[in-house]
Each structure stands twice: as C-alpha cells, then as structure tokens.
Amino acid sequence: MTKTKITVIGSGSWGTAIAILLAGKNENKVTLWTRREDFCKQLQNERENDKYLPGISFPENLSITSDLEKAVSKRDVLVFVVPSHSMRDIGSKVNDLIDNDPLILSASKGIEIDTLKPMSQVLADTLDNYNANTIATLSGPNHAEEVGKGIPSASVIACKKKIVAEKLQSIFITSRFRVYTNPDIVGVEMGGALKNIMALGSGISDGIGFGDNTKAAFMTRGVYEISRLGNKLGARSMTFAGLAGIGDLIVTCTSEHSRNRRAGKMIGKGMALEEITEGTNMVIEGFKTTKAANYLAQKTGTEMPITTEIYNILFNGKSPIEGVNHLMKRVKTDEMEEVVDTNMWRE
C-alpha cells in the first residue's frame, strides 16, 4: 500500500503533536521540518521534543529534517504550523520548492498584522498554484500536550472546497482525534485567532484574583465579540457555537496548558509585557493578535470593547483594574444589542 507522504512545517509544541498524531497511523509517512540544524539533530537523536513537548516519544515512521527542499519535495500533504509572523516568509520559501500538487493545510492561529489577513489567506498570497478556495485550516480545542498523548480530542477542518476538506478529514481522523468539516473557513480562522485575546483576558481576571462569575461573564461576552467581528467579515454565526468557537474558547480560557492564559495571569499580577516575552521560549500569539484585531475592528467599524481594553492594557499602559472598571461601567444595553427584536418586548 502506498503511504500518504505528509510534512509538518514547524517543530513547536503543536507542530510536533500533529506530526506524532499523523505518524500514529500506519498509512502515513510523516516528516517534521525544523528550521535549525542543531535542533534537528537533537530531535533525531533523542526521538522526543524535550524543549516544546517533553515526555512524548516519536513514532518510528516520523522522520525529522532541517532541509526544507527535502521536506517539501513530492509530498501529498503540507501542514503549516508556524507563528503568524513567520507564515508569509515560510510560505514564499515553500512556493519555490513545491514540485507537485500537495494538499495545503494551515494549523496556525493568528492574524498577520501588516495585512490583517488570517493564515490561509497569507498562504494563498504566497503559493502560486493555490487560492483561498483550495487551502484548508485546522482549528479547535486542541492543546498539544493532550493531542500528543492521544487523549480524546475533536477538531474542525475548514475549506471552501469540500473535496479538500474531506480528504484531509480522512487523513487526520483517528480513534482519539475526531475531525469535523466546515465550509466556513472565515469563521473557523477568526474563532481560532480571536480566542487568544479572550484567553489573555481570562488570565488577567485570574491574576487579579476575580472568581468564576467574572470568568463566565467574560467568556460569554467574548464569544459575542468574536462573532460580531466574524459576521462583519462574512462568517456564519453558528460556527462560533462550535468547536472552533466556544470549544476553543473554553479550553484556552480555563486550561493551565494555555500559554495565553498564563501570560494574562502574569499581567493581572502586575508583570510587564516585556518581562513575559523575555521569559518564555514560546510564541504568545495573543499579543500580536490583539494588535491585529484592534486594527481590524477599527477598519471594519466593529465595536470590540474587550479587545480594546486588552489592547490598552498591553500597549498603552492601562492597568488591568482600570480596564475591568471601564468594561463594567459601559453604557447599559440589551444583551443581544444590535440584533434584539423590539417586537418581543411587552408594555
């Protein structure tokens, strides 16, 4: 039987977990690409990513390389799992090396600051033979630490082209990783990116010392805010009630695995942004996404009070308590705000 040749581009915790997941299926032949040659040799020798995903051994049919041309050549599937600020550069380099017609999947969550585009659109810009209809994205409540260990999880693969989504669904789905399809790639990507902002806010609430009431209210209003911007960009509201919306929001706002929540917690306790970024070897996507989403809200004329307050806390020196007070003292309104049906009220 001919095996499906898959390369995962990016060896952080999530890229490594995806590679382990895919290599767990005998019908796949998986390569994990890492940028640094010294780190590549370490992964090859130790058969474990001790830096980003310690304690999980690599399956036998997972190979590691730092040679991008070798990683890309004659692949059936290319999975991009790189930070949002690196996607355009990596996509451009891969474009020059593709020698066939692989399926393209983004598993990165974020918005490019300069263009305000999600990752699938950045790839569409950089890969000559692909457009927004043929590139897919993977998103959902999936912490790398749990997916890598085979803990039951579920996710969504979104693509406007149904056959692409269904092919990737078959490649990814296992008895421990259930995959659904969704044509609403805008909603899936917006949910995956914007929930990191809400995770920062949830962590800030924890860091200040607030309780469950605060977090529940914050998360609920967070979903509404994500939906509001998503709808402006053409997403379906129901997508935000699914795995890539509420599902991802819940796990990112509540889990100790969430680096965005951890970062928010440190901010809530008084740490500065620079202290946090200097003290971690992992990318905290929520910082960049907050900046991009704030610009996107202004560009589209979308009211996003939570995003605005977190932006001001991160980049304008506002204290977390001031941000909370400003949110709580906003002008009173109906819960559903602009979508309320006035005919429902009774005198």
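Helix 14, residues 305–315 of this predicted model, is mostly covered, with nine of its 11 residues buried. The buried positions are P305, I306, T307, E309, I310, Y311, N312, I313 and L314. The cover over these buried residues includes helix 8, helix 9 and helix 11, together with helix 12 (273–278), helix 13 (285–300) and helix 15 (320–328). After helix 14 comes G317, which has a positive phi near 75°.

Helix 11, one of the elements that cover helix 14, spans residues 259–268 and has its own buried set: N260, R261, A263, G264, I267 and G268. Viewed down the axis of helix 11, these buried residues fall within an arc of 160°, so they line one face of the helix.

**Helix packing**

Two packed helices are described by the angle between their axes and the distance between the axes.

| Helix pair | Axis distance | Crossing angle |
|---|---|---|
| Helix 8 and helix 10 | 9 Å apart | about 30° |
| Helix 8 and helix 13 | within 8 Å | roughly 110° |
| Helix 9 and helix 10 | within 11 Å | roughly 140° |

Helix 8 covers residues 185–208, and its axis packs against that of helix 10 at about 30°. Helix 8 is therefore roughly parallel to helix 10. Their crossing is right-handed. On the helix 8 side the contact involves V188, G191, G192, K195, N196, M198, A199 and S202, and on the helix 10 side A244, D248, L249, T252 and C253. By class, this contact of helix 8 with helix 10 holds six nonpolar, five polar and two charged residues.

Against helix 13, the axis of helix 8 crosses at roughly 110°. Helix 8 is therefore roughly perpendicular to helix 13. Here A193, L194, N196, I197 and L200 of helix 8 meet E285, G286, F287, T289, T290 and A293 of helix 13. The residues of this contact of helix 8 with helix 13 divide into six nonpolar, four polar and one charged. N196 of helix 8 takes part in the contact with helix 10 and also in the contact with helix 13.

Helix 9 (residues 212–232) meets helix 10 (residues 243–254) with axes that cross at roughly 140°. Helix 9 and helix 10 are therefore oblique to each other. Helix 9 passes helix 10 in a right-handed crossing. K215, M219, V223 and I226 of helix 9 make the contact with I246, L249, I250, C253 and T254 of helix 10. Seven nonpolar residues, one polar and one charged make up the contact of helix 9 with helix 10.

**T254**

T254 lies in helix 10. With 40% relative accessibility, T254 counts as partly exposed. Leaving aside residues up to four places away in sequence, T254 touches K215, M219 and R261. T254 and G140 lie 114 residues apart in sequence, and their C-alpha atoms are 15 Å apart in space.

**Loop positions**

Most residues other than glycine have a negative phi, and most peptide bonds are trans. R47 is not a glycine, yet has a positive phi of about 55°. R47 is placed in the loop between helix 2 (37–46) and strand 3 (48–49). Its relative accessible area is 26%, so R47 is partly exposed.

K74, likewise not a glycine, has a positive phi of about 55°. The loop that holds K74 runs between helix 3 (68–72) and strand 6 (77–80). K74 counts as exposed, at 55% relative accessibility.

A further loop position is N129, between helix 5 (119–126) and strand 8 (135–139). At 66% relative accessibility, N129 counts as exposed. N129 is 29 residues from N100 in sequence, with a C-alpha to C-alpha separation of 10.0 Å.

Key:
Residues are numbered from 1 along each chain as its sequence is written. This is a predicted model: local features need pLDDT of at least 70, side-chain atom pairs count only at pLDDT 80 or more; totals for chains, interfaces and linings use all residues. Side-chain values use heavy atoms; hydrogens and water are left out. Axes are lines fitted to C-alpha atoms, for helices over the stretch in contact, and angles run from 0 to 180 degrees between N-to-C directions. Helices (H or I, at least four residues) and strands (E, at least two) are DSSP runs, numbered from the N terminus. Angles under 35 degrees count as roughly parallel, over 145 as roughly antiparallel, 65 to 115 as roughly perpendicular and the rest as oblique. A crossing is left-handed if the near helix is turned anticlockwise from the far one by less than a right angle, and right-handed if clockwise. Contact means heavy atoms within 4.5 Å. Ala, Val, Leu, Ile, Met, Phe, Trp, Tyr, Cys and Pro count as nonpolar, Asp, Glu, Lys and Arg as charged, and the others, Gly among them, as polar. Buried means under 20% relative accessible area, exposed over 50%, partly exposed in between (1.4 Å probe, protein chains only). The arc is that of the directions from the helix axis to the C-beta atoms.
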